[in-house]
Amino acid sequence: MHNTIRSYVQDILNNPVEEIKEIDTITHQNFHNTYTKSNSPVVMTEMMENWPAKTKWDLDFFEKIGKDKQAFISKGNIRQGTTNWEFGDFLSYIQEIKDYKINKSNAYLSNLSLLKLFPELANDVDFSLVSKYKKYNSTSFWIGPPGTITGWHTDRLNDNILAQVYGKKLVFLVSPDQNSKMPLSDKYEPGSKLCAVSMEDFDENNHKTFKDVKVKYALLEPHSMLFIPKNWWHCVYGIDISISSNNFGHTGIDHFRMKSSEVAKRQLHSLGLYGKNCVCHYYDDNGKRQKR
């Protein structure tokens with residue numbers, strides 16, 4: 001699947017897709033000096049060797065600990081497509097993902113707070129490469145079948161480490177120095193910036209500049225990590241049944257910058273007066289606007 005996806009992405013572009021640099025291990029200080037300060041992505045293949053999640057986390061494990069939990073799932077590419085959220089029983093969604101070959105489901109337990117849903121798993125992961133240098137950190141986890149898509153977006157001023165615990169993911173990245181070639185979407189997502197380009201339904205007439213963008217990629221194997229620096233565009237494809245965790249981290253200064261630029265938008269958005277086309281709200285069966 002990953003070769004097929006990479007091939008059709010390459011067919012869109014005028015420049016060759018380049019593989020992201022890969023290393024095995026690195027010290028915290030060297031990582032900070034070499035990659036965080038230069039705002040450069042890198043794949044790390046042996047930094048999860050001592051993670052409890054490496055040997056514990058699979059669908060059966062979450063089935064055992066997920067009783068009486070509820071969660072949101074997304075379906076489809078909600079950033080460039082229709083916003084589609086469902087809220088329900090965590091275990092039923094795990095079973096739906098297990099049965100994806102039968103039900104053709106694209107149910108995605110996406111961007112769930114690890115500390116809110118499973119606080120007992122906090123020490124199963126270690127994102128101190130980034131978190132020790134940040135004042136604000138948030139750890140999430142993601143569980144889905146093959147075929148999930150997280151469309152083009154940036155996490156603004158958050159440095160992000162994505163850790164692949166189980167299965168594979170294919171990640172495409174674009175540097176912020178290519179911003180002029182990334183057509184902006186009018187869809188709103190708090191804390192993010194969205195691109196209008198869908199690579200599954202590419203509109204060459206309206207998005208000609210995207211063809212000249214320089215794209216990097218990484219195939220994340222199990223137990224590998226990808227550093228996604230702040231303001232880098234990224235798009236993520238689930239290749240297998242996949243379990244991932246990530247950490248968003250930013251400094252106090254960047255926190256002030258994000259809040260000062262977002263506070264009015266978020267207040268108006270919560271009232272339905274700004275960004276009505278958004279990633280974070282959906283309409284229930286009764287036509288009532290609900291927040292994810």
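This is a predicted model: local features need pLDDT of at least 70, side-chain atom pairs count only at pLDDT 80 or more; totals for chains, interfaces and linings use all residues.
Residues are numbered from 1 along each chain as its sequence is written, and side-chain values use heavy atoms, with hydrogens and water left out.

With a salt bridge taken as a side-chain nitrogen of Lys or Arg within 4 Å of a carboxyl oxygen of Asp or Glu, the count comes to 13. In one of these, Lys56 meets Asp124 at 2.9 Å, N to O; the pair links helix 3 (residues 52–56) to the loop between helix 7 (114–117) and helix 8 (128–131), 68 residues apart, where helices are DSSP runs (H or I) of at least four residues and strands (E) of at least two, numbered from the N terminus. Asp124 is buried at 5% relative accessibility, while Lys56 is partly exposed at 32% (buried, under 20% relative accessible area; exposed, over 50%; partly exposed, in between; 1.4 Å probe, protein chains only).

Aromatic pairs, defined by ring centres of Phe, Tyr and Trp (its six-membered ring) within 6.5 Å and classed as stacked under 30 degrees, edge-to-face over 60 and tilted otherwise, number 18 in the whole structure. The rings of Phe72 and Tyr282 are edge-to-face, with centres 6.1 Å apart and planes at 75 degrees, and they join strand 4 (residues 70–75) to strand 16 (residues 281–283) across 210 residues. Phe72 is buried at 14% relative accessibility, as is Tyr282 at 15%.
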